[in-house]
Amino acid sequence: MIYSHEVQQMCCIHNLRGHGPAPIPEEGKWVQAREIKDISGLTHGVGWCAPQQGACKLTLNVKDGIIQEALIETIGCSGMTHSAAMASEILPGKTILEALNTDLVCDAINTAMRELFLQIVYGRSQSAFSEGGLPIGAGLEDLGKGLRSQIGTMYGTLAKGPRYLEMAEGYVTQIGLDANDEIIGYEFVRLGVMMEHIAKGMAPADALQKATGHYGRMADAVKTLNPRQE
């Protein structure tokens, strides 16, 4: 280590090196994080690419500094889905510092990793006050039955009004209108649930019917329409 001449000429003053970092909440404990292995927690973060064409929601479950679980959800860019596939292989097993400095292929995923790193190392994780943290597999609980991301897709024009295409409940097949042509409900299909039924041997038509549900006042609708065709 090289010191400048000015520093070499300085007299010594006691330095309070033993003060330590401020403790942060981690899985129900207050921890003075000095090394990567001192970091634990589950949290979420959102990232976006430079042209803002797509976005990524990233969920990480970190134990003793090591990423044990990663959930990568993307929207708006077809290429981003392939990047997410690679990230699901790359992230588990890495320390959060390694992950921060790893090229996760997609700008949006890299940005999400940066945002998560900041949350976790500053003690802002979702599991900060959960004793023992959350088990590996907790990330999948966000997806629910059928293991599909919760996506909302709506479209509207001044000339023709709104179209509901996909809700958290599922893929919208019909929207119901009242006498004023205002939306009062919709019919949806839980695609993940339907595919599970088909995989178990149920006839596709039966699986579709079993996975179909309604929201709102569809029974009172004066007319219904397919939001993708009409």
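**Cysteines, helices and overall form**

The sulfur of Cys 11 lies 7.2 Å from the closest cysteine sulfur, in Cys 12, and this is too far for a bond, since a disulfide is a pair of cysteine sulfur atoms within 2.5 Å. This is a predicted model, in which local features need pLDDT of at least 70 and side-chain atom pairs count only at pLDDT 80 or more, while totals for chains, interfaces and linings use all residues. Residues are numbered from 1 along each chain as its sequence is written, and side-chain values use heavy atoms, with hydrogens and water left out.

**Cysteines**
- By the disulfide rule, the count comes to zero.
- Cys 49 is in no disulfide either, as the nearest cysteine sulfur, that of Cys 106, is 6.3 Å away.
- Cys 11 is exposed, with a relative accessible area of 64%, whereas Cys 49 counts as buried at 10%. Here buried means under 20% relative accessible area, exposed over 50%, and partly exposed in between (1.4 Å probe, protein chains only).

**Two helices to look at**
- Helices (H or I, at least four residues) and strands (E, at least two) are DSSP runs, numbered from the N terminus.
- Ser 83 has its place in helix H2, residues 78–90, and is buried, with a relative accessible area of 7%.
- Leaving aside residues up to four places away in sequence, Ser 83 touches Leu 104, Val 105, Cys 106 and Ile 109; contact means heavy atoms within 4.5 Å.
- In helix H5 (residues 191–199), the buried residues are Gly 192, Val 193, Met 194 and His 197.
- The cover over those buried residues of H5 includes strand S9 (183–189) and helix H6 (204–210).
- After H5 comes Gly 201, with a positive phi near 105°.

**The chain as a whole**
- The secondary structure of the protein chain comes to six helices and eleven strands.
- The radius of gyration of the protein chain is 25 Å, but a compact globule of 230 residues would have one near 17 Å; this radius is taken over C-alpha atoms, and the globule rule is 2.2 Å times the number of residues to the power 0.38.
- Along its principal axes, the C-alpha trace spans about 90 × 40 × 30 Å.
- Of the 230 residues, 37% count as buried.
- Among contacts between residues at least 6 apart in sequence, 52% join residues at least 24 apart.
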